[in-house]
Amino acid sequence: KVNSLFSRDYINWYLFFLLFILYHGINVFNFEEFSLLIKDPFSKLPLERQYRHQSPIQYYIGFFLFKIISSPGLCFIITQLIALSLLVYSIKLFSKKYLLELNYLLTVFVLSPGLLILLHYFGQPDLFLISSYLIFISTNKKFLIFVSSVIMVFSHYQISIFYFL
């Protein structure tokens with residue numbers, strides 16, 4: 001199984017994530033705020049830090065994780081991994097729905113500004129939002145449409161309105 005992880009089938013995935021991380025970095029920008037808001041996701045940050053409120057869904061996920069794990073750092077890492085996993089799933093679903101070869105789609109995402117435009121179009125580079133949007137437009141299953149809609153609304157309800165329209 002380990003040898004299969006280094007096969008040609010995964011080269012585009014590795015390239016995609018390498019370039020994605022190089023461009024976006026590891027989102028530690030809001031770790032301090034994350035550490036505060038996972039204790040109470042409905043609290044407000046001090047006025048001088050209000051602009052750092054990110055997608056609320058990560059604080060809700062972190063809140064439940066914090067009840068189990070009690071380590072803000074580990075909760076932060078798990079939340080970011082959940083977001084990346086959702087992105088991988090949404091890209092696979094998108095490629096299947098629109099009959100695009102997955103390696104071709106990843107190459108297009110890596111070599112063109114397509115994914116960057118989607119991530120930054122409304123000024124909110126949120127993996128939960130864009131992943132749920134890709135799932136929303138890529139599935140016919142009512143349950144997935146509902147779940148992706150809820151994730152979009154809890155990510156950024158204002159932007160979700162534009163996506164729904």
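**Close-ups of a predicted model**

**View 1. Around the end of helix α4.** Just past α4, L99 takes a positive phi of about 55 degrees. Helices here are DSSP runs of H or I, at least four residues, numbered from the N terminus. The model is predicted, so local features need pLDDT of at least 70 and side-chain atom pairs 80 or more, while totals for chains, interfaces and linings use all residues. Residues count from 1 along each chain as its sequence is written, and side-chain values use heavy atoms, leaving out hydrogens and water.

**View 2. An aromatic pair across the chain.** Y60 and F154 sit edge-to-face, 5.6 Å centre to centre with 85 degrees between the planes. (Rings of Phe, Tyr and Trp, the last by its six-membered ring, pair with centres within 6.5 Å; planes under 30 degrees apart are stacked, over 60 edge-to-face, the rest tilted.) Y60 is in helix α3 (residues 56-69) and F154 in helix α8, 94 residues apart. Y60 counts as partly exposed because its relative accessibility is 21%; F154 does too, at 40%. (Buried is under 20% relative accessible area, exposed over 50%, partly exposed in between, with a 1.4 Å probe and protein chains only.)

**View 3. A tilted pair.** F94 and Y98 are 4.9 Å apart centre to centre, with 50 degrees between the planes. F94 counts as buried at 16% relative accessibility, whereas Y98 is partly exposed at 38%.

Definitions and conventions. Helices (H or I, at least four residues) and strands (E, at least two) are DSSP runs, numbered from the N terminus.
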